[in-house]
Amino acid sequence: MKHPNWTEADSYKAKQIWEEYQEQYDLSERVGQTVGIDPKSSRIWFGDTIQAIVQQRDREGLDSPLFFQRVGDKTYFRKGGHK
């Protein structure tokens with residue numbers, strides 16, 4: 001199945017879903033985990049890695065694109081280092 005192009009609107013929606021989720025739930029025990037957010041269905045998955053979340057979704061027969069975030073961080077991944 002070919003996925004439609006990911007848009008800025010998808011990213012915005014996923015971030016909005018994540019912000020609302022964080023306001024409703026105590027995530028202190030999940031800090032450092034990875035979260036996958038589906039902007040189309042508003043579903044959220046937690047795992048230790050992106051691969052773990054993809055495996056969970058594979059078992060459910062799902063393959064829609066996700067937005068990934070690390071619990072407790074503003075970004076999932078930063079490239080480059082500081083000297």
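I will go through confidence, then the fold, then the aromatic residues.

Ground rules come before that. This is a predicted model, where local features need pLDDT of at least 70 and side-chain atom pairs count only at pLDDT 80 or more, while totals for chains, interfaces and linings use all residues. Residues are numbered from 1 along each chain as its sequence is written, and side-chain values use heavy atoms, with hydrogens and water left out.

Confidence. pLDDT is the predictor's confidence in each residue, on a scale from 0 to 100. The protein chain averages 87, and 84% of the residues score at least 70. Among the elements, β3 has the lowest mean, at 93, and β2 the highest, at 97. Residues 78-82 fall below 50. Beyond near neighbours in sequence, that stretch makes zero contacts in the model; a contact means heavy atoms within 4.5 Å. Where pLDDT is low, the predicted coordinates should not be read in detail.

Now the fold. The chain has two helices and three strands. From the N terminus, the elements run α-β-β-α-β. Helices (H or I, at least four residues) and strands (E, at least two) are DSSP runs, numbered from the N terminus.

How are the strands ordered? They form an open sheet, β2-β1-β3, with antiparallel pairing. Two strands pair if DSSP finds at least two bridges between them. β2 and β3 stand at the edges with a single partner strand each, so one side of each has no neighbour in the sheet. The twist averages 25° from one strand to the next.

Look at β1, residues 34-37. Four bridges join β1 to β2. β1 and β3 also pair over four bridges. Valine 35 shows both sides: its bridge partner in β2 is phenylalanine 46, and its partner in β3 is glutamine 69. Thr34 and Gly36 point one way from β1, Val35 and Ile37 the other way, and all are buried. Buried means under 20% relative accessible area, exposed over 50%, and partly exposed in between, with a 1.4 Å probe and protein chains only.

Then the turn. β1 and β2 form a hairpin with six residues between them. Serine 42 sits in that loop. Its phi is positive, about 70°, although serine 42 is not a glycine. At 37% relative accessibility, serine 42 is partly exposed.

Which strands does α1 touch? α1 packs on the sheet and touches β1, β2 and β3; its direction makes about 75° with that of β2. Helix α2, residues 50-59, also packs on the sheet and touches β1, β2 and β3, at about 125° to β2. Axes are lines fitted to C-alpha atoms, for helices over the stretch in contact, and angles run from 0 to 180 degrees between N-to-C directions.

On to the aromatics. How many aromatic pairs does a search of the whole structure find? Four. Rings of Phe, Tyr and Trp (its six-membered ring) pair if their centres lie within 6.5 Å; planes under 30 degrees apart count as stacked, over 60 as edge-to-face, and the rest as tilted.

Take tryptophan 18 and tyrosine 21. The pair is stacked, 5.9 Å centre to centre with 15° between the planes. Why those two? They are three residues apart in helix α1, residues 8-24, so about one helical turn separates them. Tryptophan 18 is buried, at 4% relative accessible area. Tyrosine 21 is partly exposed, at 22%.

Tyrosine 21 also pairs with phenylalanine 46. Their centres are 5.9 Å apart and their planes at 50°, so the pair is tilted. Tyrosine 21 lies in α1 and phenylalanine 46 in β2, residues 44-47, so the pair ties together parts 25 residues apart in sequence. Phenylalanine 46 is buried, at 15% relative accessibility. Ring pairs link Trp18, Tyr21, Tyr25 and Phe46 into a cluster.

Finally, charges over rings. The definition asks for NZ of Lys or CZ of Arg within 6 Å of the ring centre and within 35 degrees of the ring normal. The charged end of arginine 30 sits over phenylalanine 46, 4.0 Å from the ring centre. Arginine 57 lies over the face of tryptophan 45, at 4.6 Å from the ring centre.
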